[in-house]
Amino acid sequence: MELLRSLVFVPGNRANMLARALGFGADVVMVDLEDSVPPGEKAAACELAVAWVPRLSAAGRRVMVRVNSLDTGLAAGELAAVVSPQLAGVSIGKGNTAWDLQQVDRLLAPLESNAGIPPGSVKVIPWIETAMAIVHVYEMARASQRIVGIAFGAEDYTNDMGVTRSDFGAECYYARAAVAVAARAAGVAALDGPFVGFRDPDGLRTDAGAARQLGYTGKFAIHPAQIDIINETFSPQPDDVAYARRVVAAWDAAAAAGRGSLSIDGRMVDVPVVKRAQNLLAQVAAIAGRTAG
Amino acid sequence: MELLRSLVFVPGNRANMLARALGFGADVVMVDLEDSVPPGEKAAACELAVAWVPRLSAAGRRVMVRVNSLDTGLAAGELAAVVSPQLAGVSIGKGNTAWDLQQVDRLLAPLESNAGIPPGSVKVIPWIETAMAIVHVYEMARASQRIVGIAFGAEDYTNDMGVTRSDFGAECYYARAAVAVAARAAGVAALDGPFVGFRDPDGLRTDAGAARQLGYTGKFAIHPAQIDIINETFSPQPDDVAYARRVVAAWDAAAAAGRGSLSIDGRMVDVPVVKRAQNLLAQVAAIAGRTAG
Amino acid sequence: MELLRSLVFVPGNRANMLARALGFGADVVMVDLEDSVPPGEKAAACELAVAWVPRLSAAGRRVMVRVNSLDTGLAAGELAAVVSPQLAGVSIGKGNTAWDLQQVDRLLAPLESNAGIPPGSVKVIPWIETAMAIVHVYEMARASQRIVGIAFGAEDYTNDMGVTRSDFGAECYYARAAVAVAARAAGVAALDGPFVGFRDPDGLRTDAGAARQLGYTGKFAIHPAQIDIINETFSPQPDDVAYARRVVAAWDAAAAAGRGSLSIDGRMVDVPVVKRAQNLLAQVAAIAGRTAG
């Protein structure tokens, strides 16, 4: 069970911030080579990423790298540089179709082979941040088996649509909801882009809560102070955990007694409910393991 | 003209409630073998349904049965048991694609033949209640000629999305609107799932009104007290009826005079407007027939 | 750079209003043969349109004609009558699929040839105003190279859905947002249908602002008093213009210096941002040219 509640961006060109990230409590440290790195520092940032991925991994961090988009001409080289046994995955933006993501798949396959790691080890989190990607979002979410989540990028999306982004406005509702539905339908995580007001914890809570209410299961952070709030928002809530324990206990008892179905509080508990309960408890165990670790 | 304003669920395992349903004023009595029947009582409920479908039909009720979903392994047997000349249709949940509904079609065809009823007599109302079904909703609504309506199941949908359902919240708007648009595009009824607060008539009115405003033309009830409110909400309103009468009268006059088009109050009245007016008046006649009967 | 901020309807059967339109400040004068012309006056209106298109064009107006929909049987004859070197484009409603618009394409091609104008000169603006068109909106927006924009018709859409239109209600949000996203994904303009309260400038401002916030770049007017408000709403805002000038200047300097990328205020400026800035400045120049002209 891999947690994907909080994914914190760390600029790839900032060695001091990469060092601080050794101690971050985010589920994923996302070393960024894209938006937070100025054009002239791309190559240097890529070298820093190569150096820091193993260190972050050795410190217990699950580490991914966001490379530059395919149309920059930088992606292939960056992927070749960063793929290693310590890299959990990559993120890439500005894709418009499933074809774009299949290109990423084709780039990664031989790199995994060269690195001596099993095919499909390097996971992919594409950004859905253009109108065309919204139109194709379900196909993108299913474009390859590597995809573990899709991220909604409200900043780039509103830029592409030519609209002004408001913190909690109507301009994103349709697209944000479409991404959550497509992610769930494809069986991958729906990940909300960052809340840019990193000194506004209440705003972050509201924003993360709205995302959760649409079906998002995680969110990006652009500042370490955002990590705890995001983890809290996307962790299982006590009532849900208690109910999940009852479901799994009743299911195990029914199986032991040779019964194939069961009810709790007079309500039928079917296989999807049991699976969801099992997933939730696996998530609780994973969180406990992280906290203990 | 078959009315589909109100569809009331009656638990298939409760003989006393099935008896009460003989007098219900809902457009459809939906005998439920799924969510309201505990696992251990499925077979007994199916037997009760077989016994009560003819009685309800003889009492003038239009009666359908909600069978258990395909993945339970119960659907085929239940369909085989309940198909009869007195059964108006079936409802089935948890489908994700048009293919699932084509399976239902394949199960029903030989059963109709065996029962000596014309092919296609048994109508189908699938539930749209998973993220994957939302992605495929238009194809599902057109999956077979038997489909007369599609039902939006907010309870299961929010469960599938992992979100908490609020009575009038944002978590369902996107999916609920998508179902209404797909239904209208496919030429079938958009049916809203039940409002669970059966002792809250004002809440029901608000909820049913919101559904109507999105394009829904009917709604499920889980309690007989909900039927009248639902019928009122989804019946033609007096102003609309008056306008429809003017449209049809003007159209008939134009046809008698050999004119192919017409205007009312200076506004062109085209063929779709005439058809809608005719449908509305047919609905009014159907309601009058029911009330008189 | 062709502006498509404001498109004003002028009834094709009203010579006096066509004469007034010679001086209208709308980006497009749309001579209407459809909804504003009563059935008995269609032929006369088409003749008036044929006569007035060259006059409006000679007066510097960009002029289009809205013909009647394909199912009326009038469209082919009207297109044959109005296509000329002075006609900028046509608009057509009630289409449901890309196929419908490909029919329009097939009708226009030989007419352009006969008129001695280059293929594709006559642009098309289809109306998206049925549930089925919402389902197919992206394919419709890409149905032919002639399409420069798609128009959302809330009046007919709500009529098709059987819902009551409120000025700023929820019944249109899903469809209106879907049209804007599809238009942007297809690279055409999203054009909002008219605000019918032509004596309510504040209502118009609110409505146009809501459309802009969803990604619309223009709006229809049904009264000349609406034109200025619409032009203001959909013109580039001063801050955006200032930023666009900085982007283009920095880009030109980078190109002159042989650099392929750049940043402004520490933020990377990529090719899409540059293109958007260039488009915005072209729009500013086009507006300045119109005002001067």
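**Exercise 1.** Find how helix 2 of chain A and helix 3 of chain A cross.

Solution. Take helix 2 (residues 42–58) and helix 3 (residues 75–82) of chain A; their axes come within 9 Å and cross at roughly 25°. Axes are lines fitted to C-alpha atoms, for helices over the stretch in contact, and angles run from 0 to 180 degrees between N-to-C directions. Helices are DSSP runs (H or I, at least four residues), numbered from the N terminus. Helix 2 of chain A is therefore roughly parallel to helix 3 of chain A (angles under 35 degrees count as such). The crossing of helix 2 of chain A with helix 3 of chain A is right-handed (the near helix is turned clockwise from the far one by less than a right angle).

Next, list the contact (heavy atoms within 4.5 Å). Cys46(A), Ala49(A) and Val50(A) of helix 2 of chain A meet Glu78(A), Ala81(A) and Val82(A) of helix 3 of chain A. By class, the contact of helix 2 with helix 3 of chain A has 5 nonpolar, no polar and 1 charged residues. Ala, Val, Leu, Ile, Met, Phe, Trp, Tyr, Cys and Pro count as nonpolar, Asp, Glu, Lys and Arg as charged, and the others, Gly among them, as polar.

The model is predicted: local features need pLDDT of at least 70, side-chain atom pairs need pLDDT 80 or more, and totals for chains, interfaces and linings use all residues. Residues are numbered from 1 along each chain as written, chains are lettered from A and ligands numbered from 1 in written order, and side-chain values use heavy atoms, without hydrogens and water.

**Exercise 2.** Describe the packing of helix 3 of chain C and helix 4 of chain C.

Solution. Helix 3 (residues 75–82) and helix 4 (residues 98–115) of chain C pack at about 25°, with axes 10 Å apart. That makes helix 3 of chain C roughly parallel to helix 4 of chain C. Ala76(C), Leu79(C) and Ala80(C) of helix 3 of chain C make the contact with Leu107(C), Leu108(C) and Leu111(C) of helix 4 of chain C. The residues of this contact in chain C divide into 6 nonpolar, no polar and no charged.

**Exercise 3.** Relate chain C to chain A.

Solution. A rotation of 120° with 0.0 Å of shift along its axis superposes chain C on chain A, at RMSD 0.1 Å (least squares on C-alpha atoms of residues with pLDDT of at least 70 in both). The two copies are thus related as by a three-fold rotation axis. Among residues of chain C, Tyr174(C) comes closest to the rotation axis, at 3.9 Å (C-alpha).

Definitions and conventions
Helices (H or I, at least four residues) and strands (E, at least two) are DSSP runs, numbered from the N terminus. Angles under 35 degrees count as roughly parallel, over 145 as roughly antiparallel, 65 to 115 as roughly perpendicular and the rest as oblique.
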